[in-house]
Amino acid sequence: MNGKSERRKRRLTVPREQIAWYPVIDPELCNSCSSCYDFCPKEVFASGPVEEGLRRRPKMQVANPYRCIVLCSACERECAAGAISFPPREEFEQFVEYLD
Ligand code: SF4
Ligand code: SF4
């Protein structure tokens, strides 16, 4: 989470489905370590389908993008492979209002 701002009371200015804030995984960089899956409290991530003939674990996928907390980007730091990215934060600040 992002320190204090994540603990403040907040509301979204438009419905969540209209806000394209969520992580994107670069499948070339993802090493299937599951750190993001273990870390995210919102169950945004899930393992992708098992690829036939391949013995390695399936790559991670963003299964529930709209469960991601708008302006949270904490999982980006958890991914040692640098596979997770987010859109520019300043374009999304307009969608969050703080009530206190
Ligand atoms: S933390 Fe990064 S490398 Fe590990 S499963 Fe998630 S996206 Fe892939
Ligand atoms: S930014 Fe936060 S809520 Fe969104 S996927 Fe990452 S850890 Fe989960």
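Tutor: In the protein chain, 71% of the contacts with a separation of 6 or more are between residues 24 or more positions apart; two residues are in contact if their C-beta atoms, placed from the backbone, lie within 7 Å. This is a predicted model, in which local features need pLDDT of at least 70 and side-chain atom pairs count only at pLDDT 80 or more, while totals for chains, interfaces and linings use all residues. Residues are numbered from 1 along each chain as its sequence is written, chains are lettered from A and ligands numbered from 1 in the order in which they are written.

The chain has three helices and six strands, arranged along the sequence as α-β-β-α-β-β-α-β-β. Helices (H or I, at least four residues) and strands (E, at least two) are DSSP runs, numbered from the N terminus. The C-alpha atoms fill a box of roughly 55 × 25 × 20 Å along the principal axes.

Of the 100 residues, 14% count as buried. A residue is buried if 20 or more other C-beta atoms lie within 10 Å of its own, exposed if 12 or fewer, and partly exposed in between, with C-beta atoms placed from the backbone.

Now the part you asked about. In soluble globular proteins, nonpolar side chains tend to be buried together. A nonpolar core is a set of buried Ala, Val, Leu, Ile, Met, Phe, Trp, Tyr and Cys residues joined through C-beta atoms within 7 Å. The largest one here has 13 residues, of which Cys36, Cys40, Phe45, Cys75, Cys79 and Ile84 touch the most other members. Take Ile84: leaving out residues up to four places away in sequence, Ile84 touches Pro23, Ile25, Cys36, Cys75, Glu76 and Cys79.

Some of these names return around the ligands, where a residue is near a molecule if its C-beta atom, placed from the backbone, lies within 6 Å of it. Cys36 and Cys79 are among the residues that come nearest to ligand 1, out of 14 around it. Cys40 and Cys75 belong to the surroundings of ligand 2, which also include Pro23 and Phe39. The shell of ligand 2 divides into nine nonpolar, one polar and one charged residue.

For contrast, Ala46 sits in strand β3 (residues 45-47). Ala46 counts as exposed because it has 12 C-beta neighbours inside 10 Å. Beyond four places in sequence, Ala46 is in contact with Gln61 and Ala63.

Terms used: Nonpolar A, V, L, I, M, F, W, Y, C, P; charged D, E, K, R; others polar.
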